[in-house]
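Open your viewer and get ready to click through a short tour. Each stop tells you what to select next and what is there.

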Amino acid sequence: MASEKFLDCLSDRWEKYTDQLKGISCNRRSITSIDGIEGFTYLSQLVLNDNELTSANLTSNTDLTTVSINGNKLTNIDLTYNSKLTRL
């Protein structure tokens, strides 16, 4: 389940347009989970710096070219199918 703070960052309007959102930037919001990110299949940029993430599964986000997740508590990140990724 996605953290409430992550959902707040995305706001209600983006939940209906997951196929149009190209970038997410949610820094310093105490986000603990990004469950549900798999629905944003057209994301090319994801910026989640200085949160409280311990894991991130981005295997469904195959259009990602940039991921910035500095300042988290990550112990696991899955980028298995992210062949377009040029910046981590």
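Buried means under 20% relative accessible area, exposed means over 50%, and partly exposed lies in between (1.4 Å probe, protein chains only). By that rule, 35% of the 88 residues of the protein chain are buried. Before going on, note that this is a predicted model, in which local features need pLDDT of at least 70 and side-chain atom pairs count only at pLDDT 80 or more, while totals for chains, interfaces and linings use all residues. Residues are numbered from 1 along each chain as its sequence is written, and side-chain values use heavy atoms, with hydrogens and water left out.

**Stop 1: the whole chain.** Helices (H or I, at least four residues) and strands (E, at least two) are DSSP runs, numbered from the N terminus.

**Stop 2: the core.** Now select Ile-24, Ile-34, Ile-37 and Leu-48: these have the most contacts inside the largest nonpolar core, a group of 19 residues. Helix H1 (residues 4–15) supplies the largest share of this core, three residues. Such a core is a set of buried Ala, Val, Leu, Ile, Met, Phe, Trp, Tyr and Cys residues joined through side-chain atoms within 4.5 Å. In soluble globular proteins, nonpolar side chains tend to be buried together.

Stay on Leu-48 and show its contacts (heavy atoms within 4.5 Å). Leaving aside neighbours within four places in sequence, the partners of Leu-48 include Phe-6, Cys-26, Ile-31, Leu-53 and Ser-68.

**Stop 3: Ser-68.** Move on to that serine, Ser-68, in strand S4 (residues 66–68). Is Ser-68 buried or exposed? Ser-68 is buried, because its relative accessible area is 18%. Beyond residues up to four places away in sequence, Ser-68 touches Leu-46, Val-47, Leu-48 and Asn-49. With Asn-49 there is also a side-chain to side-chain polar contact at 2.9 Å; the rule is a pair of N or O atoms within 3.5 Å, where within protein one must be able to donate a hydrogen and the other to accept it, and residues adjacent in sequence count only if both atoms are side-chain atoms.

**Stop 4: the salt bridge.** Finally, select Lys-84 and Asp-63, which form a salt bridge with the closest N and O atoms 2.8 Å apart. Lys-84 lies in the segment after strand S5 (76–78) and Asp-63 in the loop between strand S3 (55–57) and S4, so the pair ties together parts 21 residues apart in sequence. The count comes to one salt bridge, defined as a side-chain nitrogen of Lys or Arg within 4 Å of a carboxyl oxygen of Asp or Glu. Lys-84 is partly exposed at 45% relative accessibility, and Asp-63 is partly exposed at 22%.
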